[in-house]
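Here's a quick briefing to read alongside the picture. Take a look around first, then work through the topics below.

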Amino acid sequence: MSVTTPITPLIATLWLLNVIIDTVGQLAFKAAAGDEAAGDGLVRWIYMARRPWIWIGIGSYVVEFLIWIAFLSLLPLSEAILLGSINIVAIMVAGHFLFGEKLTRLRLSGILLVTLGVAIVGAVG
Amino acid sequence: MKRGTFYLLGFALLMLFDSVGAISFKYAGDHALPVEASVAWLLRIFTHPWVYGAVIGYVGAFFTWMTLLKHAPIGPAFAASHLEVVSVMLLSVWLFNEHLTLGRVLGALAILAGIVCLGFAESYEHVPDPEEVDSATRR
């Protein structure tokens, strides 16, 4: 029965790359947008464009776009979209370590539940 | 427009754009198989119309999200913005003849419960910046 697709090394690599690059991109955008020295309006955009963060963010999005297409083409969409939910977790955990964002009890429960869900889909298909 | 109608329409539109995006990504990828790190693969992707559906889905979702965030509280907005996981899963059964396996249903339920937790976390545990308090009292 070919209802589920085995997770090949290529699929696992694309999944991992997608999580890493998405997290890097989001954090880069956060670093660009959260810089209080940037000022307002057009000045802010020029300030951001002269620093690497926003470009790292945009570059990450372009690469992630392609990786996501490749990933989706190798798995059933219903499975792939669930596996992709891990990005929510990765970004929250990274935000905690890099920006000191608090992991409250509710956030931790949410993170654990999403991780559990992704693990079930990854293990059973 | 009543506030409730505005949210409902907004979130429905967001879910629609997200679903269109995901389905277009899938079609674009399927048409470009086999996956390879080559110019040929990139050409197969960008010469097929579905990839532009993916772009439309992303851009549409982005602007809908930004409009919603202007008015909607972040917690429910965050949770609702991830509900496309479910709509996409159901649509794939219909469009791609996929199966709702037990693993997927259980996984989706756990993920959904997690997203709801995170939504509540943003609503009740979120400590607003002075700026946000300022704009909230002004409203």
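How many salt bridges does the structure hold over all chains? It holds three, where a salt bridge is a side-chain nitrogen of Lys or Arg within 4 Å of a carboxyl oxygen of Asp or Glu. Keep in mind that this is a predicted model, in which local features need pLDDT of at least 70 and side-chain atom pairs count only at pLDDT 80 or more, while totals for chains, interfaces and linings use all residues. As for bookkeeping, residues are numbered from 1 along each chain as its sequence is written, chains are lettered from A and ligands numbered from 1 in the order in which they are written, and side-chain values use heavy atoms, leaving out hydrogens and water.

**Chain A on its own**

- Chain A has six helices and zero strands; helices (H or I, at least four residues) and strands (E, at least two) are DSSP runs, numbered from the N terminus.
- Reading from the N terminus, the elements of chain A go α-α-α-α-α-α.
- The C-alpha trace of chain A spans about 60 × 35 × 20 Å along its principal axes.
- Chain A has 125 residues, and 44% of them count as buried; buried means under 20% relative accessible area, exposed over 50%, and partly exposed in between (1.4 Å probe, protein chains only).
- Take the contacts in chain A between residues at least 6 apart in sequence: 72% of them join residues at least 24 apart. Contact here means heavy atoms within 4.5 Å.

- You'll find A:Thr23 in helix H1 (residues 9–33) of chain A.
- A:Thr23 is buried, because its relative accessible area is 9%.
- Leave aside the neighbours within four places in sequence, and A:Thr23 is in contact with A:Ala90, A:Ile91 and A:Ala94.
- A:Thr23 and A:Ala90 are 67 residues apart in sequence, yet their C-alpha atoms are 6.5 Å apart in space.

**Where the two chains meet**

- Chain B puts 43 residues into the contact, and chain A puts in 37 residues.
- Together, chain B and chain A bury about 3,300 Å², with 78% of it on carbon and sulfur atoms. Buried area is the accessible area (1.4 Å probe) that two parts lose on being put together, summed over both.
- Between chain B and chain A there are six residue pairs in polar contact, both residues being at pLDDT 80 or more. A polar contact is a pair of N or O atoms within 3.5 Å; within protein, one must be able to donate a hydrogen and the other to accept it, and residues adjacent in sequence count only if both atoms are side-chain atoms.
- On the side of chain B that touches chain A, the elements giving two or more residues are helix H1 (3–31), helix H2 (39–46), helix H3 (50–71), helix H5 (84–96) and helix H6 (102–124) of chain B.
- H6(B) gives the most to that side, with 15 residues.
- The residues of that side of chain B split into 29 nonpolar, eight polar and six charged. Ala, Val, Leu, Ile, Met, Phe, Trp, Tyr, Cys and Pro count as nonpolar, Asp, Glu, Lys and Arg as charged, and the others, Gly among them, as polar.

**The salt bridges, one by one**

- B:Arg104 forms a salt bridge with A:Glu79, with the closest N and O atoms 3.2 Å apart.
- B:Arg104 lies in helix H6 of chain B and A:Glu79 in helix H4 (residues 77–83) of chain A, so this pair joins two chains.
- B:Arg104 counts as buried because its relative accessibility is 0%, and A:Glu79 is buried with a relative accessible area of 0%.
- The side chains of B:Asp30 and B:Lys26 meet in a salt bridge at 3.4 Å, N to O.
- Both B:Asp30 and B:Lys26 lie in helix H1 of chain B, four residues apart, about one turn of the helix.
- B:Asp30 is partly exposed at 28%, whereas B:Lys26 counts as buried at 6% relative accessibility.
- B:Arg44 forms a salt bridge with B:Glu36, the closest N and O atoms being 3.3 Å apart.

**Aromatic rings**

- The count over all chains is ten aromatic pairs. Rings of Phe, Tyr and Trp (its six-membered ring) pair if their centres lie within 6.5 Å; planes under 30 degrees apart count as stacked, over 60 as edge-to-face and the rest as tilted.
- B:Tyr27 and B:Phe96 form a tilted pair, 4.9 Å centre to centre with 50 degrees between the planes.
- That pair links distant parts of the chain: B:Tyr27 is in helix H1 of chain B and B:Phe96 in helix H5 of chain B, 69 residues apart.
- A:Phe65, B:Phe25, B:Phe46 and B:Tyr58 form one aromatic cluster.
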